[in-house]
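Look through the backbone of the model shown here.

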Amino acid sequence: MEGSVAIRPDKFGLSDEQALRKHIGFFKTVENIGVGNTYICYGDKGNAAIVFLTDDVFRIKIYQGADVDLSTTVGVLPQVSEVEVKTLENESQFIFATTTIRLIVDKSNCSLSIEDHEGHLIARQNPVGWNARGEHSADYDMPAESHFYGFGEKTGFLDKRGERYTNWNTDVYAPHVPEIEAIYQSIPLLIHMFEERSYGLFLDNPGRSDFDMRSAETTFSISCATGAYDIYFINGPGLKDVVSRYTALTGRIDLPPKWAIGYHQSRYSYMNQQEVLELARTFRTKQIPCDVIYLDIHYMDEYRVFTFDPVRFPDPEGMMEELKSLGIRIIPIVDPGVKKDPKYTVYQEGVRENHFIKKLEGDIFLGEVWPGISAFPDFTEDRTSEWWGEQHRYYTELGIQGIWNDMNEPALFNESKTMDLDAMHGNNGKPQTHEELHNLYGMLMSKATYEGLSRQLDGQRPFVLTRAGYAGIQRYAAVWTGDNRSFWEHMALAMPMVLNMGLSGIPFAGPDIGGFGHNATGELLARWTQMGAFFPYCRNHSAIGTIRQEPWSFGEKTEEIVRNYIGLRYRFMPHLYQLFRGAATDGLPIVRPLLLEYPSDPNVTNLCDQFLLGENILIAPVYRPDTDHRSVYLPAGTWIDYWTGEALVGGRPILAHAPLEIMPMYIRAGAIIAEGPLKQSADDASDESITFHIYGASASTGFESAYTLYEDDGVSFDYRQGGYSELSLNVVGGAGTVEIQWRYNEARGFKPERKLLQFSFRRPDFTVGRVEGLQRLTAEQLVAGAEGWTHNPSTDELLIQVSDQAVGDKLVVSTA
Ligand code: GLC
């Protein structure tokens, strides 16, 4: 039986107030208001402020009324504009030109065209319209061959053509399927690529917004439900240009502590202190590397944040001490809901000092989460963020250096799954409703946490993990992709999700390895760990009531595979750390879709069941059960099979043999990759040696390759004052020799405790005759630490070993 709701008026087209009928209209004048490069275009019914930030980035904000507010959300870093803009006016247009682009504003309706100086149209925005409710929307040209990327954490494939997404941070326990339009994170960034040319549009609006690449044939649209239409145009032309400019705008990661790049083990929940310690000891006795164990909600006293349950965790200090001796850190979960309990000091203080979100009428907003009825700190107030940050002394005084922020969309147990939209945020004196600021809540919580930890850790780098976030979240936290399931489909889904997060400025991301809900199998865990070992964030986590998912839960064969791949991650750690350093300095992702490196290859625009780690390592996980072969697309160039050393010609798909213990991996010929010794935890300083693997080296064909190894202490901020080491390595081959040259940076403010350097050539195209100044030795002699070289005929590997003391040196390998 249907009720009258079946004939609700809104089912029959747009009501008057919903129709987007107002536009700025005819533009009369333009004025440079003398603040940076800010121009106001005055229209009939509204105005547009245009701010040029660089030659390639400008902001356009539509507003009504006399005054323009050019403040931004916390998502955008303060920008200094030094760009020179030339303006020009003719009868029908205002034109703004930088050295790279021309923005043409049509006076009749304020539509925008962006061109390069050759007159190629890059983007076109039709007039922004709005309705009586303040909803804004604009359409943009969408040529037939368009591709779309970015959007942060979304379900679906890599290319978002034909999709529609909503930005509204939402706790989606289930299902993570393609039709879920809103999930935990909201990064309102769209990257449009066509004809190999890319540009980005970033809508700096923390309320609900929609990106629709589905509904119209020749246009896509961007709209927002509340707040201002405040959009940034980010020029390419390369996809890398867009990502790097977007991250210059919203920030880049801080170099994380090295231990945070290690393997993390979690479960909802490790129920008591004994279980945690037993778990840590098992990792060590089984020799499975691990850096972190998580404490999920059961560590707390009835889910009160900043407490330990006195029965389950009677001696946190003792627990921390033993964990420290094992080289394992603890990360406790901290949710935003503070239990309403008049006897609980955090609640008392929050009420007394006015830190909780209230309704306009003055009552504290209360909602239900794990602890029962709870109040929520108002992180839009700096003083509250500081108060929250200070609470973390409870953990940092125990030696804890990392915090896990969850349920920070914020998630509530009610029908809307979040806070009432009319709850009020103080917002440092500029009050706004929750509806207007919703998507900022999680990021502001992580910011408060990160800043609190930074104050407390005495110069050590903090680590924060978050579920919810907004543009710029990368400055404060790594992101995991929430409550996935132990489904093969979700393993596959993690690839495009994490890849698009990387293109959206969030390089430090990963899914729950093995899947959170439902029940993993040994095969799924083995395959997922193989893939997860190469994701920037690497944590195994599973839900209460599901089958156990620790590496040893499925028998010896699975355990062995999981051990080996986690071990491989630790061996790759020097290279991985290097990639994190890169992301911190240039904003480019750590794991990349092939598209980022091969933008002109039409085969890779939507390729997302394989990915690149940095530029040179191609990872092709097996993500189906009972599968021991898979198709791998090798892009142009020569690729070396990591396992066999075989050189393969790229620019074509190949069929890779992948029995359960093998995940196909390929290294680009010409690349150098540093591998370190196997360690049980990342900050174990016993670095005996480092091996530079030189791939595809040739003594005859003008071979050239370079690499920089970045190293620091991995825990402190000393690197900011020069406390780091950079070794530049150059390998040149031709005319019967291969020359290896290396040099440390002069002011080498950090020296690893390392004795040896190794250079490895696998299946080179030459037979070695001699290595100048070094003797041919046996493999055993090298293992014993002698300088020299050896050749292993069964693997066809030339290994050279020298002591690592000088500022640099040179070696010449001559062919036989
Ligand atoms: C949420 C989190 C999950 C966590 C659980 C209990 O579902 O996404 O990771 O284990 O809450 O805290």
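At 43% relative accessibility, Gln 287 is partly exposed, because that class lies between the buried limit of 20% and the exposed limit of 50%. The model is a predicted one. Gln 287 sits in the loop that runs between helix 2 (273–285) and strand 22 (292–295). Its phi is near 55 degrees, a positive value although the residue is not glycine. Most residues other than glycine have a negative phi, and most peptide bonds are trans.

Now go to His 518. Here too phi is positive in a residue other than glycine, near 65 degrees. His 518 belongs to the loop between strand 35 (512–513) and helix 10 (522–532). His 518 has a relative accessible area of 43%, so it counts as partly exposed.

Next come the peptide bonds. Which residues does a cis peptide bond with omega of about -10 degrees join? They are Ala 174 and Pro 175.

The bond from Glu 409 to Pro 410 is cis, and omega is near -5 degrees. Where does Pro 410 lie? Its place is the loop between strand 28 (402–405) and strand 29 (423–425).

Then view the cis bond at Ala 174 and Pro 175, and end on the cis bond from Glu 409 to Pro 410.

Note on methods: Residues numbered from 1 in each chain as written. Predicted model: local features only at pLDDT ≥ 70, side-chain atom pairs only at ≥ 80, totals over all residues. Heavy atoms only, no water. Helix = DSSP H or I, 4+ residues; strand = E, 2+ residues; numbered from the N terminus. Buried < 20%, exposed > 50% of the residue type's maximum accessible area, 1.4 Å probe, protein only.
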